[in-house]
Amino acid sequence: MAKAPPKRRKHLLLDEDPVLRGKPQKARDPDQPRLSFDPMPDRIEPCLALLAKTLPSVGDWAFEIKWDGYRLAVHIEPSRVRILTRGGYDWTDRFPGIEAAAMSLGPTTMILDGEAVVLDEAGRSNFGMLQAALGGRGGKRVAGEALFYAFDLLYFDGNDLRGMRQRERRMILEDTIEEGAPIIRVSEEIEGEGAAILAQACKFGFEGIIAKDRRAPYRSGRKGDWLKLKCNRSDGFVVVGYEPSTKVRGAISRLLLAARRGDELVYVGGVGTGFTDRMSRDLRKQLAAIPPKVPPIALTRNNVVFCEPAFVAEITYTEITSDGKLRHPSFKGMRELADNVDVFEIKK
């Protein structure tokens, strides 16, 4: 039987004993690898997808579903989680489910770029359902049922990843988010040829797809590194007024819409479909509360009530006619102009 090792004797310093001193540290070897630390950005302007009519013919591109929700950046910090909108507003309290799921990913620091959505029974993102969950303007309700599809990782464990290629950031993102997670999920890349992927997305009722250059770093703004290809035409138009309903008390019959042309707003017609009686009453209440100091557009018509151009309506339509009006428009939902949302722009 092996003997137990002898116990190490503990020596206590006595007053007459010499003071113990450590050895001086050697100079650092300049060839020794060292870890860099990047301060965590307080906010990052998002990379925006450029609308494209055709798929890229050359290059290395990844394809994802285009989600129809609110673009968010989830900041997981050492002592808190912050959920910021595209315009930089803190909406942490409006997405408690996403906040709780993000806290469980800590204590590692990270910034996730993605989209908050509510899915319909077929698994498609539905902006109207998300807006209803949030309760509209003013933040009176929270979207506890919202999911977050992360499609990029901008900062991770003390390192700013924006200079890395998209394919490299994607690998770290997929290793970070557990597969099958219920609330915070990775927006999946779809393998295959772009045209076939777009056709399938349209067949299943999705809004479209996003193509991303796998070689590109993360660059804020609309630089062409990301492209969006839509199944149907869908754009944002500024709400400049409404026509009161003559059939439903306290409701609207049509929203009046405008596009941008330089610094001015240009009337492009109205939309009277896509909202229920209850939604039309809510819209009238919202818009009646913000009367303009001066009419935002020049329009001579009876039964028109102008409002401050503070909201952007998401509209689907088939085309813009030769006289500059929307053809077959339908209302999808309302966003706040202050949150830097896209507004359709007419070229001069």
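Analyst: Glu64 and Lys212 form a salt bridge, with their closest N and O atoms 3.1 Å apart. The term denotes a side-chain nitrogen of Lys or Arg within 4 Å of a carboxyl oxygen of Asp or Glu. This is a predicted model, in which local features need pLDDT of at least 70, side-chain atom pairs count only at pLDDT 80 or more, and totals for chains, interfaces and linings use all residues. Residues are numbered from 1 along each chain as its sequence is written, and side-chain values use heavy atoms, leaving out hydrogens and water.

User: How many residues apart in sequence are the parts that Glu64 and Lys212 tie together?

Analyst: Strands are DSSP runs of E with at least two residues, numbered from the N terminus. Glu64 belongs to strand S2 (residues 61-65) and Lys212 to strand S9 (residues 208-213), so the parts tied together are separated in sequence by 148 residues.

User: Are Glu64 and Lys212 buried or exposed?

Analyst: Buried means under 20% relative accessible area, exposed over 50%, and partly exposed in between, with a 1.4 Å probe and protein chains only. By this scale, both Glu64 and Lys212 are buried.

User: How many salt bridges does the count come to?

Analyst: Some are linked in a network that includes Glu64, Arg167 and Lys212. Under the 4 Å rule, the count comes to 30 salt bridges.

Methods:
Helices (H or I, at least four residues) and strands (E, at least two) are DSSP runs, numbered from the N terminus.
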